[in-house]
Amino acid sequence: MFNIILKNNKSFSCDSHTTIFDAAKKAGILLDHSCLHARCSSCIVKVISGFTENREEELVLTEKEKKENFVLSCNAKPLSNLKLDIEDLGDVKFFDKKILPAKISTIEKMNSDVLKIIFRLPPTAKFEFNAGQYVNLIKGTINRSYSVANKPSENNQLEFFIKKYKNGLMSKYWFEEAKVDDLLRIEGPLGSFFLRESKCEHIVFLATGTGIAPIKSILESVIEQPSNISKKEFWVFVGARLKEDLLWSPDLKNDKIKINYIPVLSRQTEDWNGEKGYVQDAVLKQNINLENTQVYACGSNEMIQSAKKLLFKNSLNENSFFSDAFVSTN
């Protein structure tokens, strides 16, 4: 058995056959995570001292990150005692994962490639989650992960933005077969993409495509209960190709928190006077003090990796970047 020590001096034991994440969880210590299949970088952690090996081939981290001793906690197993440059999730309340039946209440076409689908849970179901988390939607033997797009509430409804993927097994169902009152199962809540306590004055959200869903959930929750963070300034940068790809915008008329909404289009050239290019580049144009900022990025892994590199280079603290990468599965 090896001893694993975190930045805040919490520690746990782990053998050479168990991943860092699994051993921490067994010890009651929860680390940042999302997919837990080494397909995103939400559980990235820097090894300060010690040695590890990967459970499966590493395809996510850049060569630079590997050389700087970054690993994925869901994929790395210890070969010695380890000291990690990461803290656990602290006193955040996590709700137990459960599997519940759910029926489709409404199906709405948002654009040619995205549906908004609302599910209703049984009246007796008590499904609790932190705004920003995701669930697995299960249809027969197929299951796919989707972020919840609405704030936690007591009406037993869950909202999702669902994108069409070419040759996607679940996409065929959503876009060709799904109908109101279809019965599926929901497994969750899952993931650790949610707002963290911080003294930072600025909160920046970056989203591409349906990555706006968990950000919508977080902001709706913040607006409803703004007492602890009403003095913070929120920035919402949403990247899309065309205007019709912009799926949602926050309520800028609310008087509880200050929100700046900046859509960024990469392909629209006519009839568009707003920001153009890549969403991460638009952040720098606002001259936000990144040293006093938290960033939450959700959407394509390419955007997340590019944003991380760019913002770190421009003074963002490495412990102030949180992400949830959307990756397709067939």
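## Residue classes and the model

In this report Ala, Val, Leu, Ile, Met, Phe, Trp, Tyr, Cys and Pro count as nonpolar, Asp, Glu, Lys and Arg as charged, and the others, Gly among them, as polar. The structure is a predicted model, in which local features need pLDDT of at least 70 and side-chain atom pairs count only at pLDDT 80 or more, while totals for chains, interfaces and linings use all residues. Residues are numbered from 1 along each chain as its sequence is written, and side-chain values use heavy atoms, with hydrogens and water left out.

## The second largest pocket

A pocket is found on a 1 Å grid over the protein atoms alone, as an open set of points where a 1.4 Å probe fits, with protein on both sides within 12 Å along at least five of seven lines; its lining residues have an atom within 4 Å of a point. The second largest pocket has a volume of about 1200 Å³, where volume is the space filled by probe spheres set on the grid points, which are joined across faces, edges and corners. Among the 49 residues that line this pocket, S34, Y134, N136, S145 and L190 are the closest to its centre.

By class, the lining has 22 nonpolar, 17 polar and 10 charged residues. Helices (H or I, at least four residues) and strands (E, at least two) are DSSP runs numbered from the N terminus, and the elements that each supply at least two lining residues include α1 (20-26), β10 (134-139) and β13 (183-190). The largest share, 5 residues, comes from β11.

## Salt bridges

A salt bridge is a side-chain nitrogen of Lys or Arg within 4 Å of a carboxyl oxygen of Asp or Glu, and by this rule the count comes to 19. One of them joins E68 to K64, with the closest N and O atoms 2.7 Å apart. Relative accessible area, taken with a 1.4 Å probe and protein chains only, sorts residues into buried (under 20%), exposed (over 50%) and partly exposed (in between); E68 is partly exposed at 33%, whereas K64 is exposed at 54%.

D113 and R241 also form a salt bridge, their closest N and O atoms being 4.0 Å apart. This pair links distant parts of the chain, 128 residues apart, with D113 in the loop between β8 (98-111) and β9 (114-120) and R241 in the loop between β15 (233-240) and β16 (258-265). D113 is partly exposed at 29%, and R241 is partly exposed at 36%. Together with D245, D113 and R241 are linked in a network of salt bridges.
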